[in-house]
Amino acid sequence: MVMYTIGVAPRLLFSRLTPFDGERRWARDLARVARSRVISRATHLRFYMPPAVISDFGRRGRVLGIFLTIFCPGTLATSLPVMTERASPFDLEISAGLEHQTEGQSFFVSWNDIITLPTSELEIQGEFVPGKQTITIVMLKDLWGSLPVDAAHDTLIAYCTDGYFSIYQPGFLATQKPFIVVRINGAGPDEWPPEGLDFNPGPFVISVSDKLVPGTQDILDVGHKRPWGVNNVQFVSLAEIMAPARSGPWANLSKRGEDGRELWINSCSSCHEGPQGLSGGNKSQRPFPILAVHAQHNEDFFRQYVRDPKSLVPSATMEPHPHYSDEQLDALVAFITAEQSGG
Ligand code: HEC
């Protein structure tokens, strides 16, 4: 049974801060009170401060504290504290998609709070360090469910410290059960890289596993669903995010072009922005029109570059795609060149 209780922070309710020095100070105070008075008393008690309340304070210069504490005996905590500023390098930035979040505004959730969600352990082989290792995970679904995500949003985007981008579409989220890796062999991100790995995979890693969903390993380019160095996520609407690839010259794509669009968004977009500003990573530093020129006027080069960049440019750093079939390359070319249906 889930019981909702509304609690009140007496020190903050209907009192005045004079001088009032801004919503940030208020948010900090509220967070401190919340932590000391609520969370430390019972780990299954959580509070969530609606962001609207924060901005209302800013505007009115009046202090009103409302805790919505949600009591869920023995089950998933329904909400995590959302902070308006970064307090630690191990906070996960959420740069879009929460209720009342304005454009350009970021919220943060701390690693310490994320690990209060249900965790489980998976024994896997060779993903971070050689041989057997145990990872501690939090399901993305649980993180999603514990945040005030705008109801219109159905897709998660992760951005990494190196400009890398990963997209988790609704179907993938539902069937592949992606998760956040919060510990590797018992060590959290403040102790990464874990012993046996030179590269720090933190602050956050999202991943999927055959151990949870058999067959995950066989998804095309599944590596793009296992980004390291994730420091920022956005909850978005798939229809909105894909609009640039479904409008203008891309409105009436051939069937091949549509297949290519799916391939593009799940693979190439990790490092390349797409047509008409379609979201993607910027790791490649190659604007879309350059790729389009290759695909349009120098198709052989394009196909060979995608399969094996180093065979053409020895200094190339792009990962090779030797596993792509001729049909998959046809589809990519059809998408990039906006091949029209019926044409
Ligand atoms: C892991 C990152 C990454 C992914 C994934 C990736 N690329 Fe690239 N790509 C790069 C980088 C970096 C370059 C810049 C040249 C280099 O170092 O290879 C590049 C360059 C290119 C070029 C040559 C442009 C030029 O003239 O410099 C083409 C064509 C290209 N990518 C197509 C693709 C396609 C199509 C896909 C999807 C199947 C893709 N790339 C996926 C990183 C990536």
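Helices α9 and α11 are oblique to each other, a class for angles that are not under 35 degrees (roughly parallel), over 145 (roughly antiparallel) or 65 to 115 (roughly perpendicular). The model is predicted, with local features needing pLDDT of at least 70 and side-chain atom pairs pLDDT 80 or more, while totals for chains, interfaces and linings use all residues. Residue numbers start from 1 along each chain as its sequence is written.

**Packing of α9 and α11**
- Helix α9 (residues 299-307) packs on helix α11 (residues 326-336) at about 120 degrees, and their axes are 11 Å apart; helices are DSSP runs of H or I with at least four residues, and strands are runs of E with at least two.
- Axes are fitted to C-alpha atoms over the stretch in contact, and angles between N-to-C directions run from 0 to 180 degrees.
- The contact involves E299, F302, R303 and V306 of α9 together with L329, L332 and V333 of α11, contact being C-beta atoms, placed from the backbone, within 7 Å.

**Ligand shell**
- The ligand has 21 residues around it, of which C268, C271, S284, A316 and M318 come nearest; a residue is near if its C-beta atom, placed from the backbone, lies within 6 Å.
- At least two residues of this shell come from each of α8 (288-297) and α9.

**H100**
- H100 is located in the loop between β4 (91-96) and β5 (107-110).
- Because H100 has 15 C-beta neighbours inside 10 Å, it counts as partly exposed, between buried (20 or more) and exposed (12 or fewer).
- The C-alpha atoms of H100 and V149 are 9.5 Å apart, with 49 residues separating the two along the chain.

Notes
Two residues are in contact if their C-beta atoms, placed from the backbone, lie within 7 Å.
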